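Me: Hey, I've got a structure I've never looked at before. Can you walk me through it?
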Amino acid sequence: TVEECQKMTVAAFFGELLRSSLVSSLQLTDALGNRLLQCLLNSSPILQTFCVKGLGNITIGDPNNIEKYSRQVLCAMIYLMGSEQHDNEVLMFEVLLCLGQYVNLLKVTTIKPFLIKILTGIQTFFESSNDRVRAEAFNVFGNLAKCGTRDPKSSLCRQIQGNLVRLLLQLDARSEEISHSCNLTL
């Protein structure tokens, strides 16, 4: 529909604006980010992809303030990983990429409340037929290592132990991207 096309255009434009540090200095990040978060629900996969890409751009345009947006963005990415759009490889790649960008920059204390849900969400992508999606899932898994503790009973340690064989087997994958991701994760 015409309305959906207009929403896609606006979401793509907002997303590109969020890449600029000028948006932060003009104090527009809140308005643009909130609008993209609102568009995520009940919209087409293409519109969702533009919104996710834009939310990921906050990490480039306003990296010093991502703690402010982190809870809503992490909740949205976790929701999308478990949604019916789970089979849309383009959308899921953008979700994992956005998630990885936030996990890289966030404090451990911000990530910890979401850790189990993120781990559960990304595990389904370890077997994806799309190499880019699978590689990005392994990247996120590796980035979560900063949340680890020395307690062998912690959820992250159990997940690492449970996926260690999978990671080792993927080192010899036919895709260099997957092999590289698994190597970095290990």
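Reply: Here is a short chat about a helix, a core and some salt bridges. This is a predicted model, where local features need pLDDT of at least 70, side-chain atom pairs count only at pLDDT 80 or more, and totals for chains, interfaces and linings use all residues. Residues are numbered from 1 along each chain as its sequence is written, and side-chain values use heavy atoms, with hydrogens and water left out.

Me: OK, helix 4 then. How far apart are its end C-alpha atoms?
Reply: They are 24 Å apart, which agrees with the 24 Å that 17 residues (45-61) should span at 1.5 Å a residue. The expected span is 1.5 Å times one less than the number of residues. Helices here are DSSP runs (H or I, at least four residues), numbered from the N terminus.

Me: Is helix 4 mostly covered or mostly open?
Reply: Mostly covered, as twelve of its 17 residues are buried. Buried means under 20% relative accessible area, exposed over 50%, and partly exposed in between (1.4 Å probe, protein chains only). Among the buried ones are L47, C51, L55 and I58.

Me: What covers them?
Reply: The cover includes helix 1 (2-18), helix 2 (21-25), helix 3 (29-40), helix 5 (66-81) and helix 6 (89-105).

Me: And what does L55 touch, leaving aside its neighbours within four places in sequence?
Reply: L55 is in contact (heavy atoms within 4.5 Å) with G33, L36, L37, L40, V73, M77, C98 and Y102.

Me: How many residues are in the largest nonpolar core?
Reply: It has 53, and L55 is one of those with the most contacts inside it, along with L40, M77, Y102, I118, I122 and L144. Elements giving two or more residues to this core include helix 4, helix 8 (115-123), helix 9 (131-143) and helix 11 (176-185). A nonpolar core is a set of buried Ala, Val, Leu, Ile, Met, Phe, Trp, Tyr and Cys residues joined through side-chain atoms within 4.5 Å.

Me: New topic: how many salt bridges are there?
Reply: A search of the whole structure finds five. That means a side-chain nitrogen of Lys or Arg within 4 Å of a carboxyl oxygen of Asp or Glu.

Me: Which residue pairs with R134?
Reply: D131, with the closest N and O atoms 3.1 Å apart. Both lie in helix 9, three residues apart, about one turn of the helix.

Me: Is R134 buried or exposed?
Reply: R134 is buried, because its relative accessible area is 9%. D131 has 22%, so D131 is partly exposed.
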